[in-house]
Amino acid sequence: MRFARILGTGGYLPARVLTNAELEQMVDTSDAWIRERTGIEKRHLAAEGETCCDLAEQAARRALAAADLDPSELDLILVATTTPEQFFPSTACLLQQRLDVHGCPAFDLQAVCAGFVYALDVADKYIRTGAARHALVVGAETISRLVDWSDRTTCVLFGDGAGAVVLGTSDTPGILSAHLHADGAYASLLQVPGGHGNGQPQRAFIEMRGNEVFRFAVTTLGRIVDETLEANGLTKDDIDWLVPHQANIRIIQATARKLDLPMERVIVTVAEHGNTSSASIPLALDQAIRDGRIQRGETLLMEAFGGGFAWGAVLARY
Ligand code: ACO
């Protein structure tokens, strides 16, 4: 049997930090409201001229160094992003060029906040089938550029960043299972309507019916916990760590309660990063591996919910 294992992780956050205090000067909000309703204290923003591929490259280089792998040994490059550097080539192809890798498949995957778990599943399948030996999976976003900075209901939530994982082939299980879902019926609750769809000018800013998204996210993530445990014949006690998408501390707490996990076993970065969309899980994973919380052999549940709606979970043994 062939499995995909996590060999190394990397993360990168742009230098500029936007605090809640600064947001108080921009819209009718307060540090207290933002902390209480979302858990967010600050977020990082890409500098002018800093691109999605810039962030992806930094995270990718750190993950490759942690995996002790030369980029030439990669045979798949995936970038999960909602905010690609340009329409085309894909950010994955731009990243491939930066890494001086030539010839292997490289493509972007768009599932908004669920992008990283979607990409992890795709890479796992390449490795399990023998189509790739080493895969680079990046979640990278400059999502702050889709934010309407006059809309207090969304502008306090998002931040930029990138996280990356290098997967390698192993004969012992790494990625145990993936459970992906989507339902386009809910598109209008969370969307950026801009695009080239009908030739009419459209707003290219995040629009969200936050309260409805919140309730749907909590219920759906509860269900995906059950689905993942059942599919693997596991109980809640078998999960060592929850590595959730970082949209809102209250959504994270609800999923932790569903798993009977104390918050010490949940990797939380939402206070410092805000919602970095597809970058949030690999950034959290990287932080917890580097600071020694997550140890080899431990079982991690990664889960995400976002625009589409698209959502999913990946269970992995580190
Ligand atoms: N500061 C102060 N007050 C605010 C702010 C703000 N920044 N934003 C909204 N309010 C007000 C509202 O206007 C409302 O006032 P009203 O009662 O007078 O009408 C009140 O606060 C409550 O608003 P709600 O929207 O009900 O607040 P809620 O507790 O639901 O929190 C939030 C809003 C944080 C957006 C929450 O709903 C949420 O996290 N939703 C889910 C987000 C998510 O998971 N998205 C998916 C991933 S994102 C992606 O895929 C791109």
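The following legends describe close-up views of a predicted model.

Residues are numbered from 1 along each chain as its sequence is written. In this predicted model, local features need pLDDT of at least 70 and side-chain atom pairs count only at pLDDT 80 or more, whereas totals for chains, interfaces and linings use all residues.

View 1. The protein chain is divided into domain 1 (3–171) and domain 2 (176–317), with bounds that come from an automatic or database domain assignment. Taken over C-alpha atoms, the centres of the two domains are separated by 14 Å. Domain 1 contributes 44 residues to the contact and domain 2 contributes 42; two residues are in contact if their C-beta atoms, placed from the backbone, lie within 7 Å. On the side of domain 1 that touches domain 2, two or more residues come from each of strand 1, strand 3 (42–45), helix 5, strand 6, helix 6 and strand 7. Helices (H or I, at least four residues) and strands (E, at least two) are DSSP runs, numbered from the N terminus. Helix 5 gives the most to this side, with 7 residues. By class, this side of domain 1 has 21 nonpolar, 15 polar and 8 charged residues; Ala, Val, Leu, Ile, Met, Phe, Trp, Tyr, Cys and Pro count as nonpolar, Asp, Glu, Lys and Arg as charged, and the others, Gly among them, as polar.

**View 2. The shell around the ligand.** The ligand is surrounded by 24 residues, of which the closest are Thr29, Gly210, Ala247, Asn248 and Gly306; a residue is near a molecule if its C-beta atom, placed from the backbone, lies within 6 Å of it. Two or more residues of the shell are given by each of helix 2 (31–38), helix 6 (152–155), helix 7 (210–232) and strand 12 (299–306). Helix 7 supplies the largest share, 5 residues. The shell divides into 12 nonpolar, 10 polar and 2 charged residues. Domain 1 and domain 2 each provide at least three residues of the shell.

**View 3. The annotated active-site residues.** In an unreviewed entry, UniProt places the feature "active site" at Cys113, His245 and Asn275. These positions are spread over 163 residues of sequence, yet they cluster in space, with a largest C-alpha distance of 8.5 Å. UniProt annotations may be inferred rather than shown by experiment; positions are given in the numbering used here and feature names are shortened. Histidine 245 lies in the loop between strand 11 (241–244) and helix 8 (249–258). Histidine 245 counts as buried because it has 33 C-beta neighbours inside 10 Å; a residue is buried if 20 or more other C-beta atoms lie within 10 Å of its own, exposed if 12 or fewer, and partly exposed in between, with C-beta atoms placed from the backbone. Leaving aside neighbours within four places in sequence, the contacts of histidine 245 are Cys113, Ser280, Ile281, Glu303, Ala304, Phe305 and Gly306. Asparagine 275 is in the loop between helix 9 (270–273) and helix 10 (280–290), and with 23 C-beta neighbours inside 10 Å it counts as buried. With neighbours within four places in sequence again left aside, asparagine 275 is in contact with Leu157, Phe158, Gly159, Gln246, Ala247 and Ser280.

View 4. Helix 3 (residues 52–67) has 12 of its 16 residues buried, so it is largely enclosed by the rest of the structure. Among the buried residues are Cys52, Cys53, Leu55, Arg62 and Ala67. The cover over the buried residues of helix 3 includes strand 1 (3–12), strand 4 (77–80), helix 4 (91–98), strand 6 (134–141) and strand 7 (161–170). Just after helix 3, aspartate 68 adopts a positive phi of about 55°.

**View 5. Helix 5.** The 14 residues of helix 5 (residues 115–128) should span 20 Å at 1.5 Å a residue, and its end C-alpha atoms are 20 Å apart, which agrees; the expected span is 1.5 Å times one less than the number of residues. Helix 5 is mostly covered, with 11 of its 14 residues buried. These buried residues include Phe116, Tyr118, Asp121, Asp124 and Ile127. Glycine 130, which follows helix 5, has a positive phi near 85°.

**View 6. Leucine 301 in strand 12.** Leucine 301 is located in strand 12 and counts as buried, with 26 C-beta neighbours inside 10 Å. Apart from neighbours within four places in sequence, leucine 301 is in contact with Thr228, Ile239, Leu242, Val243, Ala313 and Leu315.
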